[in-house]
Amino acid sequence: MSQSAHLPGFPQGFGPSTAERLPVPERDAMSEAQRAAADAIINGPRKALFGPFVPLLQTPELMERIGKTGEALRFAGTLSDRVRELVICVVARETGNQFEWQTHAPLAIKAGVAAPAIDALAAGRRPRQLAADEECAVDFVGELMRRHGVSDETYADAASRFGEPGTVELTALAGHFAMVCWIMNVARTPGPAGSATSGLSSFPG
């Protein structure tokens, strides 16, 4: 994965504007519920208010519940770090979300996903240098994202590798990250500041 300077890529959501729609409000302008929700994120395992939690701060109760779901999937799930991070990258690529891509592409490589596989995803190509469980996860999540379901063959492959509980977790992981990517796309939440990972470009025509 290239660690060159951040490239402009393309803006999240539709249109040429990159103006953030829902930035973090000043603390003095926050409601009591917003301050409590922000403090819960800052004092939890994430340690800071960033990414999807910035627009989600508009709805503190929803933010708290979505945050708990994300914690369960990321920090208490049964999928390997390698498979989980790769799945998040697939979802970020399919939704064109800069924040999740720039956050999780380096984590996927650190977890053991081959760098050329991440480069292929970034370019909109099917990754080839994958372990068997990674290939299964990419097929499952790619099919799910494009068709909103999976074939019997794809399901059977996932269930044989991850078990039925793991297949449900795989589906929930894709759905959760699709949701937060959409939220950030609508809010035009930018990628992480100072990221060394290049941003996504639009899919080839």
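Serine 80 is found in the loop between helix 3 (60-75) and helix 4 (81-95); helices are DSSP runs of H or I with at least four residues, numbered from the N terminus. The model is predicted, so local features need pLDDT of at least 70 and side-chain atom pairs count only at pLDDT 80 or more, while totals for chains, interfaces and linings use all residues. Residues are numbered from 1 along each chain as its sequence is written, and side-chain values use heavy atoms, with hydrogens and water left out.

Serine 80 has a relative accessible area of 30% and is therefore partly exposed (buried means under 20%, exposed over 50%, partly exposed in between, with a 1.4 Å probe and protein chains only). A polar atom of the serine 80 side chain lies 3.1 Å from the backbone nitrogen of valine 83.

Side chains of opposite charge can pair when their charged atoms come close. The structure holds 10 salt bridges, each a side-chain nitrogen of Lys or Arg within 4 Å of a carboxyl oxygen of Asp or Glu. One of them joins aspartate 81 and arginine 84 at 2.9 Å, N to O. Both residues lie in helix 4, 3 residues apart, about one turn of the helix. Aspartate 81 is partly exposed at 47%, whereas arginine 84 is buried at 8%.

Another salt bridge, at 2.8 Å, N to O, pairs aspartate 133 with arginine 82. Aspartate 133 lies in helix 7 (residues 132-147) and arginine 82 in helix 4, so the pair ties together parts that are 51 residues apart in sequence.

Key. Helix = DSSP H or I, 4+ residues; strand = E, 2+ residues; numbered from the N terminus. Polar contact = N/O pair within 3.5 Å; in protein donor to acceptor, adjacent residues only side chain to side chain.
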